[in-house]
Amino acid sequence: KERVFSGVQPTGNLHLGNYLGAIKRFAELQDSYECIYCVVDMHAITQDMRVWGGPEELTRCIREVTAAYLAAGIDPEKHIVFNQSQVSGHGELAWVFNCVARLGWLNRMTQFKEKAGKDRENASVGLYAYPTLMAADILLYRATHVPVGEDQKQHIELTRDIAQKFNNDFAASIARLGLGDAALEGGYFPLTEPLIGGPAARVMSLRDGSKKMSKSDPSDLSRINLTDDADAVASKIRKAKTDPEPLPSEPEGLKGRPEAENLVGIYAALSGEPREAVLASFGGGQFSTFKAALVDLAVARLGPIGGEMKRLVADPGHIDAILRDGANRARTLADATMGQVKDILGFVR
Ligand code: ATP
Ligand code: MG
């Protein structure tokens, strides 16, 4: 079986975008791939902890992301669920990749520009190096596929560039040690493919159709949290920004109408229908009718997940035991890769 790796940062409120763009798809891939799902806590500290929380909040969020994985149906016995900081190979391989990646490559990363904002001089070095750590997360397990939201596409392309350059730079050493893979033309690391798609690969903010829904958005009205109760979901969807036109009957009619497109995409992803079918039912009608149906659908789909998350986080000992067990299994795989990488580089061990 081919191998999937992906992760979610424990940085605050998990939202509908994280669920539809990532976690729901993680669960769907379990029958076709060997899956490794990580709570990327080392990524979380790249953002200023004094702003979004602190050590206690980080601990709470690590358990909450784990609970979301489990509530979405990920099986931690058949697959691996763990938090990144328990496996030292992530940091070790990230350092190697800091020495493979070029400054020019990182300078093009749009996530850094968005997150650093105007005060770039004050951004952490970790925020800048985020993509090399992400490449290490994926390649430490030599994962072939990574399910992510659309916003992470650029980071997966960088991961491929890093794998390619490592394979080229150390081709002779890889061949001498017999560590090359014939399917990769003698390379060591695979050129990982992103799995991005569906109507909700990029869920937008409910307040601004030009911005993606984010955990770090200061406005809670911009997102539907997985743990929101029915009243909160209803009021956020009712207040969601729209335009004055009725809904179109065909997807082409959504062009130039990002807020309408977003709500239709959310409905399609939650119901499992294509957009065409959603618009065939609601096209020509008012937003108020559509929004009421969307509230019912969202509450029906998210309610049980939020409830299960709350039940699971009430027993932190159980969650921590799952993470520890997953980390032990991940470490076995990671140590094997790191040993080979050290040999390829010529480190003595
Ligand atoms: P932060 O604002 O702290 O970066 P985030 O909401 O972007 O938080 P991440 O932990 O960075 O969440 O991303 C976890 C996964 O969720 C990634 O695969 C990412 O692509 C996906 N994702 C995040 N936001 C969205 C969104 N609005 N629509 C679809 N997928 C998303
Ligand atoms: Mg993000």
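**Close-up views of a predicted protein–ligand model**

**View 1. Helix 1 leads the shell around ligand 1.** Helix 1 (residues 16-28) gives the most to the shell around ligand 1, contributing four residues. Helices here are DSSP runs of H or I with at least four residues, strands are runs of E with at least two, and both are numbered from the N terminus. The whole picture is a predicted model, in which local features need pLDDT of at least 70, side-chain atom pairs count only at pLDDT 80 or more, and totals for chains, interfaces and linings use all residues. Residues are numbered from 1 along each chain as its sequence is written, while chains are lettered from A and ligands numbered from 1 in the order in which they are written. Which residues come nearest to ligand 1? They are Gln9, Gly17, Gly21, Gly149 and Ser216, out of 19 residues around the ligand; a residue is near if its C-beta atom, placed from the backbone, lies within 6 Å. By type, the shell divides into six nonpolar, nine polar and four charged residues.

View 2. Over residues 10-18 the chain is 33% helix and 0% strand, with 11 Å between the end C-alpha atoms.

**View 3. Where domain 1 meets domain 2.** The domain assignment gives domain 1 (3-195 + 316-345) and domain 2 (220-311), with bounds from an automatic or database assignment. Their contact takes 11 residues from domain 1 and nine residues from domain 2, where contact means C-beta atoms within 7 Å. On the domain 1 side, helix 1 and helix 4 (55-71) each supply at least two residues, and helix 4 gives the most, with four. That side of domain 1 divides into eight nonpolar, two polar and one charged residue.

View 4. Asp137 is found in helix 8 (residues 125-139) and carries the annotation "binding site" in an unreviewed UniProt entry. Why does Asp137 count as buried? Because 27 other C-beta atoms lie within 10 Å of Asp137; the cut-offs are 20 or more for buried, 12 or fewer for exposed, and partly exposed in between. Leaving aside residues up to four places away in sequence, Asp137 touches Phe5, Gly7, Cys38, Val40, Gln84 and His90.

**View 5. Two loop residues with positive phi.** Most residues other than glycine have a negative phi. Arg142, in the loop between helix 8 and strand 4 (145-147), has a phi near 45 degrees. With 19 other C-beta atoms within 10 Å, Arg142 is partly exposed. Glu185 sits in the loop between helix 10 (171-176) and strand 5 (193-195), and its phi is about 55 degrees. Glu185 counts as exposed, with 9 C-beta neighbours inside 10 Å.

**View 6. Confidence along the chain.** The mean pLDDT of the protein chain is 96, and 100% of its residues reach 70 or more; pLDDT is the predictor's confidence in each residue, from 0 to 100. Among the elements, helix 3 (residues 49-52) has the lowest mean pLDDT (75) and strand 3 (residues 80-83) the highest (99). For the complex, the predictor gives an ipTM of 0.99 and a pTM of 0.97.

How values were computed:
Nonpolar A, V, L, I, M, F, W, Y, C, P; charged D, E, K, R; others polar. Contact = placed C-beta atoms within 7 Å. UniProt positions renumbered as here; feature names shortened; annotations may be inferred.
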